[in-house]
Amino acid sequence: MTANPYFNHETAVVSNNSTIGENTKIWHFSTIREGVKIGKNVTIGQNVYIDTGVKIGDNCKIQNNVSIYRGVIIEDSVFIGPSVTFTNDLYPSVEGWSDERLVNTLVQNGASIGANSTIVCGITIEKNSLIGAGSVVTKNVAEETLVYGNPAKFKKKL
């Protein structure tokens with residue numbers, strides 16, 4: 001781990017096989033798994049779960065109770081509101097999971113995702129887009145657009 005321990009709360013569980021950038025803060029009860037790469041100047045709120053191999057860029061803010069599962073890439077300056085959930089399997093079941101079921105998701109620079117949104121895997125949220133709170137995002141989101149609802153739909157160009 002390459003982070004200043006001062007910024008990791010004592011209840012956070014951070015794998016030694018993860019890379020944490022300078023000035024990144026990890027708060028209470030968060031879990032950072034193996035192979036995670038987090039950039040500099042990132043704030044990870046309380047009770048955040050970041051799964052194996054996730055990549056997070058610089059200057060991001062991830063609020064409390066967020067789940068980011070394997071296969072998600074988050075670029076720079078992304079805001080993720082409280083209780084957002086990312087998925088990584090289109091057809092989940094209790095029967096054995098394997099890497100073949102993994103479906104990737106990309107969140108590009110400057111995107112913002114509102115509280116309590118669910119991001120269904122296999123999509124791209126393009127640069128500087130905005131997802132309204134409580135949305136279920138099932139399709140790609142174009143650059144500099146506002147979407148919201150269940151399912152999330154285009155509302156306007158930003």
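1. Strands β20 and β21 pair in the antiparallel sense over 5 bridges. Here strands are DSSP runs of E, at least two residues long, numbered from the N terminus, and two strands pair if DSSP finds at least two bridges between them. With 2 residues between them, β20 and β21 form a hairpin. Within this pairing, Gly 149 is placed opposite Ala 152 of β21.

2. A remark on the basis of this note: the model is predicted, so that local features need pLDDT of at least 70 and side-chain atom pairs count only at pLDDT 80 or more, while totals for chains, interfaces and linings use all residues. Residues are numbered from 1 along each chain as its sequence is written, and side-chain values use heavy atoms, with hydrogens and water left out.

3. Strand β20 (residues 145–149) is also joined to strand β18 (residues 130–131) by 2 bridges, and these two strands run parallel. The bridge partner of Leu 130 in β20 is Leu 146, and that of Ile 131 is Val 147.

4. These strands belong to an open sheet of 8 strands with mixed pairing, in the order β3-β6-β9-β12-β15-β18-β20-β21. Because β3 (25–26) and β21 (152–157) stand at the edges with a single partner strand each, one side of each is left without a neighbour in the sheet.

5. Another open sheet has 6 strands, in the order β2-β5-β8-β11-β14-β17, and its pairing is parallel. Its edge strands, β2 (19–20) and β17 (124–125), each pair on one side only. Inside the order, 2 bridges connect β5 (residues 37–38) with β8 (residues 55–56), which run parallel. Lys 37 stands opposite Lys 55 of β8.

6. Is Thr 105 buried or exposed? Thr 105 counts as buried because its relative accessibility is 2%; buried means under 20% relative accessible area, exposed over 50%, and partly exposed in between, with a 1.4 Å probe and protein chains only.

7. The surroundings of Thr 105 may be described in two ways. A polar atom of the Thr 105 side chain lies 3.2 Å from the backbone nitrogen of Gly 122. Leaving aside neighbours within four places in sequence, Thr 105 is in contact (heavy atoms within 4.5 Å) with residues including Gly 71, Val 72, Ile 73, Phe 86 and Thr 87. Ile 119, Val 120, Cys 121, Gly 122 and Ile 123 are also among its contacts.

Definitions and conventions. Helices (H or I, at least four residues) and strands (E, at least two) are DSSP runs, numbered from the N terminus. A polar contact is a pair of N or O atoms within 3.5 Å; within protein, one must be able to donate a hydrogen and the other to accept it, and residues adjacent in sequence count only if both atoms are side-chain atoms.
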